[in-house]
Every structure is written in C-alpha cells, then in structure tokens.
Amino acid sequence: MTSFTKSGRWQRWRSRTPLSSLSRLVREFVAQNNTVQIKHVIQTLSQEFALSQHPHSRKGGLIGLAACSIALGKDSGLYLKELIEPVLTCFNDADSRLRYYACEALYNIVKVARGAVLPHFNVLFDGLSKLAADPDPNVKSGSELLDRLLKDIVTESNKFDLVGFIPLLRERIYSNNQYARQFIISWILVLESVPDINLLDYLPEILDGLFQILGDNGKEIRKMCEVVLGEFLKEIKKNPSSVKFAEMANILVIHCQTTDDLIQLTAMCWMREFIQLAGRVMLPYSSGILTAVLPCLAYDDRKKSIKEVANVCNQSLMKLVTPEDDEPDEPKPTAQRPAEPNPDDTLAKQEGTAGGGPDGSCDSSFSSGSGVFTPASTERAPVTLHLDGIVQVLNCHLSDMAIGMMTRIAVLKWLYHLYIKTPRKMFRHTDSLFPILLQTLSDESDEVILKDLEVLAEIASSPAGQTDDPGRLDGPDLRVSHSELQVPTPGRANLLNTPGTKGLECSPSTPTMNSYFYKFMINLLKRFSSERKLLEARGAFIIRQLCLLLNAENIFHSMADILLQEEDLKFASTMVHTLNTILLTSTELFQLRNQLKDLKTLESQNLFCCLYRSWCHNPVTTVSLCFLTQNYRHAYDLIQKFGDLEVTVDFLTEVDKLVQLIECPIFTYLRLQLLDVRNNPYLIKALYGLLMLLPQCSAFQLLSHRLQCVPKPELLQAGDSPPAAPKSQKADSPSIDYAELLQHFEKVQKKHLEVRHQRSGRGDHLDRRVVL
C-alpha cells in the first residue's frame, strides 16, 4: 500500500453521496469565506461522530474529517487544531480498525496541509511514537506511511521548531519498546541529516538516551544507534568549538562503567575524543573520568579494545596536567570556572533512578529545568585543576587490593605525575596518601613496588615537602610506643673529637631531602618490623631501589640513626644484617663503599660512626664494617670481645657467611693487603681470630687455606704496637674515639644478652655455652 488515497476503500467512501455533499458544502463555505460555518461542520464531525460512543459513528467521523480537510485544500491550515485533535484521540481506541482509520485520516489531513502542520509537530510525533509500538501490523504499517510523509515535510521545511521538540524527544528516547526505539532513532537520523537543523547543540539532552538504546537486545536497533552516534562524533570532530563537552562528560563517565561491552567501548571512544578535542575543559571532570578509566586498564584480552582505548584516555588526560596547574588557587575576576564534579555525585548518578531510563543510569540532573540547552559558547573560561577529587579516586583505587596490577601501576604513575607537575598542591594530600603508599610496598608485583618507591622517593626529595616546623610530621602514625620506632633525639655523645663537629646530632637529610624523608625512613622500618615476611622477601629489593632513587648515604645514615633507638633488639639485629649485606654486595652502593674505604673526610668518619653504633646490634656485621673501612686493629679488638658473648648457631652461621664474603670480589683489596704483612698485622690477627671461632667446617678450611697463602708467616710475631703510620691503617684516624666505640659495642651486646636470657627464662645468668 503506497498511499491511503489510492486504496479502493477510500475511493468508494468518496463516491458516496454524504461525503460528496460534505465536500461540496465545505467548498461553498470556503468560497464564501464563512469560517463560522466551517468550524461548525468540523465541530459536528468531531463531537457527534469522531468522539462518539459508537464505533461506526467514530469511523464515519474520521472519514468526514479527512474529506473536510481535502475540501478545504490550502485553507486547511487554518483549522488544523480542530481537525487533528479528534483524530489523535482515536489513536488510543481499543479497536485496531479504528486506530487504522485514524491513521488513514491523519495521513490525508497532513498531506493536504504539508508545512502548515509543523506547529503541531509535537502532538503528531507523540501520537506516531505510540503507533510505532502498536501490536496490530496494519496499524503499524499505516503509521509508517504517515511517518515517511511527516519526515519529508520536515526535511523540506526550514521552519521546524527544534527547541520545542527537544523536550519531547528527550522524554520519548527512554522508551523500552523496541519499535518505539527504532522510531526515535530514525527521526534523529533524519534531523541530523537536515542542514538547517543543528541537533549537535542539543546533544547533551539525548546522549544518555542514545547510549541506553545502544544496549537494546535487537541487533538492528543497536546497529542504527551505532550509526547515529557515529554521525554525531563525526560532526563533533568537525566543529569542536561549538560542542558542549562539559555537559556531556558525566554522561560518558557513567556509560564507561557499564557492563555492556558495546556501550562501554563506544562511550570510551567518545571519552578519548572529548579529552583530545576539548583539552583542559575536561580537567574538572578528571575524578569521574579516572573512576571510569582506571579499572579498564586491568582488563584481559577478552576486552582488549576497551583496554587500549582506556589507556589512551588515561595518557591524554595525564598530559593535560602541567606545572602551571600548581599555581595557588586564586579567584579569577574575569571569568567563572565550572565547579569540579564530586566523584560521589557521579557515583550517585550511576546508582540513582533516572527519569524514563530503563536501567536507571540516566539521572534527572542531565536535563535542565526548561528542557532546553543553549548553544555552546566559543569562548571558554580558564580551568583550574582541583586535586581533592582526583586524589580521592586514586587513593580509593590504590586501597582496593582486588584492583588489577595494571590499574595500580596507573594510579601510582598518576600520583608520581602529580607530584612532579603540581608538588605544592599534592603535598596538601600527602598525609592521607602516605599510609596507603607504605602499605603498597607489600604488593605482590615488583612493578607496583617500583612505581610505589618512585612516588615515595619523590615525596621524600621534593623541595615542596620541606617544612620549617618539624612538628608538622608528628601525626598519629608517629606517636610511637615503647615497641615502635622513635625519632632519635639530639644531644647524644659526639663520637668525633674534632672541635665544632656536630657528629650524629646533625640530621641525615641533605638539601635534596625534605621533612618527609625522615618520616619515610621511620615508617619504612616500622613496616619491616611489623611484617617480617616483607623484610625477608622484599627488604633488600626495596632498600636497593631507594638507594638508586635517593641519596644512599642519607638512607643508611637515617636508618642507622633510627635503629639505634629500636627497642626490639631482635629486629634491630636482623635489620642491621640486611643493611650490611646490601652495603657489601649491591652494585648500587659502590660509591658509598668507596667513600667508607677512605675515612679521610669528616663526613665519611661521621657516617662510619653512625653506622657502627647501630651495627653493634650484630657483632659479625660490626666486624665486617671494620673490614670494609680498613679498621683492622679495631676489628681485632672486637673479635677479642667475642669470647665474652654467647656463641650460638646463628652467630657461627654469620661468621661462616663473613668468611664466604671475604672470598668475594668485594674484598679483593683486603686479600691483596695480606701480601703486606708488615703493615697489616691486625688484619691477619683478625682473620685468625675468625678462624679460631669457627668449628671444623668448610668455612674453617676455606679461611685456613687463605691464611696459608700469606707470605713469611714469621712476621706474624710482631708486637702489639704497629709500625708507625702504616698505609693500610687509614681508618685508624685520630679523630675517631675507638675506645668509646668499643665500649658502646660491649654495652649493646650486654643488652642483647640480657634480652635473650629474659626470653629463655634464665634471668641474669650468663651461660656461654656454644649451642650447637
């Protein structure tokens, strides 16, 4: 059926006498310009027939109204309201045949009036949207013909009222009916194709509904919706200056988090284009964007496309943050900036019930009170970056242990980037971020730990973190008890005899370290103390990486300073052993080892004294430190004191490891010094002392063979007084009080012994048995 007017039924109706008389009567009234009589005829057809209680009367009334419209011709536009209203009322008739007759009648009315029906477009569209979902196929077919006619009229006219139509379109776009959705999409396609109609200005009103339709179960409807969204995106790329990016940002954020893959991918593609086209206009919505994008970075290959687009979004958004964003927040008198959306508000929109939305994801806040958006302004207000929402989102994702590795890495990259670009603003949030950054050190992934250490290192070294008042760091996490780490207090005895030297009273920080550096060291050791598995599995890895990222001397100086006050002596001994192993074996510490080999400078002597006092928690590591610094006489004196210690299996194991270490490349210089027997008698005596401590084992044989290679053994009988100014006795500097160091060693070891006896229930009884 191509036209209602060509159907046989209509031709028969027109040939009947009553209709012919009605047409002639109306034409006569038109010729006489008798509008009163014309309205009377239309009113009679409407009230007494079209709206009658009898089906046949209603059918006759519909036919009569159509005939009246044809008779009126071009003058029908003057009476369209009276002609259309009763016909539209019949669209709701329970009889499908009457609904078809109503559709047929309206087709003829619209065909005669053409462009004159546009002021009544909304009521026509509303009626058609209902017929599009009609269960009767004949009614649906008739409505399609009327729909095509109306589309032709809209396409030809330049008087279409888009502003008045948008509120109705926004309402109808949330229909759940498959046919109604198809009807809506077809109209949007038509309006988008009309050059004189700029639907892009009102896209924020319908974008959410389009994404709702994109999730339809019908493949054809989804395809149509993809086409519509694709056309809009093309137009956005062509005319970015007229696009209301900000008003659509939250809509995309919500749909980027949906479970439907097609909706999520499409929304993510839009988000990518928005960030690249709008630039800093999207910065106020960064928290919402990150909420949507970050979880996608952990997707597997099943959602590879979404993951790749999300990664581009993340990188593009990160590039928008520049050092200029670190300027203090000052009000701009020339323009107002849009307020940054709260991530909680975005979440509420996602969870709230939307008006007409099938899944409740369209919040009523997307539509204005008047139902109409005004065109976007070409001038954009300056954008100020506010970090509160962004940091909250990053903190939330980093705290969630269920989040994937790639997401956690991305979060840490964001934090590092923000500390680099906007350090002054970021340090306002450091106290809230610090605990979770420390907790992240326990992550299973090495990559995550590396990024986490980069962030912590930047916090510890950034000039923006320097505070004049050290009390600012005395937060809840630094209120230590007897079992926790404490900040060393000044006023300890100076180990250096040089006048005017501060010694260990000075802070380990240098100008490159800030107030957070020492806090970081305290909390790191506190975490190692509470998580021994972390210390065993990742302790060396973490400290070595920190030595690359920060100043290695500062790290060892500060840790030794803190461990000196540690009351958990077992942990202190374990930690010292770990630090000593790193110091002696890690390539990252090459420069620091060289500095300690030559104790000619005041700084190196100060560092040695600081390390020594903490190294006393572990006797064998103290000897190894003396070997490293070439303090061979003092090493010999220490080994002599070992006779007063409780020799345990752990103690002998550490001696065994030290012997193995002496055979490594790190102590090549020490082995070469064995050739100079005259100038190194205490080195040889110290090694013989270690040999005497060892039972008959592989380490004993190894060290014994090494000492057999020493030339001219008779020179070992040299007296206790060494030759004057031997070259290899660099560490025996007159500025270091070695007697005081030895007393400190005895004091620390006595404390260790007392603690061990208390734990074993033996009280103060000093039992020196070898526990084998």
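**Entry 1. Contacts and overall make-up**

I first looked up how far apart in sequence the contacting residues lie. Among contacts in the protein chain between residues at least 6 apart in sequence, 76% join residues at least 24 apart. I note that the model is a predicted one. For secondary structure, I find 35 helices and zero strands in the protein chain. The chain has 772 residues, and 54% of them count as buried.

**Entry 2. Helix 5 and its cover**

I turned to helix 5, residues 80-89, and listed its buried residues: Leu 80, Leu 83, Ile 84, Pro 86, Val 87 and Leu 88. I then asked what covers the buried residues of helix 5. The cover includes helix 3, helix 4 (55-72), helix 6 (96-113) and helix 7 (121-131). As background to such lists, I keep in mind that an α-helix has 3.6 residues a turn, so residues three or four places apart point the same way.

**Entry 3. Helix 11 against helix 12**

I examined the pair formed by helix 11 (residues 203-214) and helix 12 (residues 219-238). Their axes are 9 Å apart and the packing angle is about 145°. The crossing of helix 11 past helix 12 is left-handed. From helix 11, I listed Leu 203, Ile 206, Leu 207, Leu 210, Phe 211, Ile 213 and Leu 214 as the residues making the contact. Helix 12 contributes Ile 221, Arg 222, Cys 225, Glu 226, Val 228, Leu 229, Phe 232 and Ile 236. Sorted by class, this contact has 13 nonpolar residues, two charged residues and no polar ones.

**Entry 4. Asn 580**

I located Asn 580 in helix 26, residues 569-585. Is Asn 580 buried or exposed? Asn 580 counts as buried because its relative accessibility is 6%, under the 20% limit. I next checked the partners of its side chain. The side chain of Asn 580 makes a polar contact of 2.9 Å with the side chain of Trp 615, and a polar contact of 2.9 Å joins it to the side chain of Ser 624. Leaving out residues up to four places away in sequence, I find that Asn 580 touches Trp 615, Thr 621, Ser 624 and Leu 625.

**Entry 5. Leu 596**

I found Leu 596 in helix 27, residues 590-597. Leu 596 is buried, with a relative accessible area of 0%. Its contacts, not counting residues up to four places away in sequence, are Leu 583, Ser 604, Leu 607, Phe 608, Leu 611, Leu 628 and Thr 629. For one of these, Phe 608, I looked up the spacing: Leu 596 and Phe 608 are twelve residues apart in sequence, and 6.9 Å separates their C-alpha atoms.

I recorded two residues here, Asn 33 and Gln 630. Asn 33 is not a glycine, yet its phi is positive, near 55°. Asn 33 lies in the loop between helix 2 (17-31) and helix 3 (35-50). Asn 33 is exposed, with a relative accessible area of 63%.

Gln 630 has a positive phi of about 65°, and it is not a glycine either. I placed Gln 630 in the loop between helix 29 (619-628) and helix 30 (632-641). Gln 630 has a relative accessible area of 4% and is therefore buried.

Note on methods
Residues are numbered from 1 along each chain as its sequence is written. This is a predicted model: local features need pLDDT of at least 70, side-chain atom pairs count only at pLDDT 80 or more; totals for chains, interfaces and linings use all residues. Side-chain values use heavy atoms; hydrogens and water are left out. Axes are lines fitted to C-alpha atoms, for helices over the stretch in contact, and angles run from 0 to 180 degrees between N-to-C directions. Helices (H or I, at least four residues) and strands (E, at least two) are DSSP runs, numbered from the N terminus. A crossing is left-handed if the near helix is turned anticlockwise from the far one by less than a right angle, and right-handed if clockwise. Contact means heavy atoms within 4.5 Å. Ala, Val, Leu, Ile, Met, Phe, Trp, Tyr, Cys and Pro count as nonpolar, Asp, Glu, Lys and Arg as charged, and the others, Gly among them, as polar. Buried means under 20% relative accessible area, exposed over 50%, partly exposed in between (1.4 Å probe, protein chains only). A polar contact is a pair of N or O atoms within 3.5 Å; within protein, one must be able to donate a hydrogen and the other to accept it, and residues adjacent in sequence count only if both atoms are side-chain atoms.
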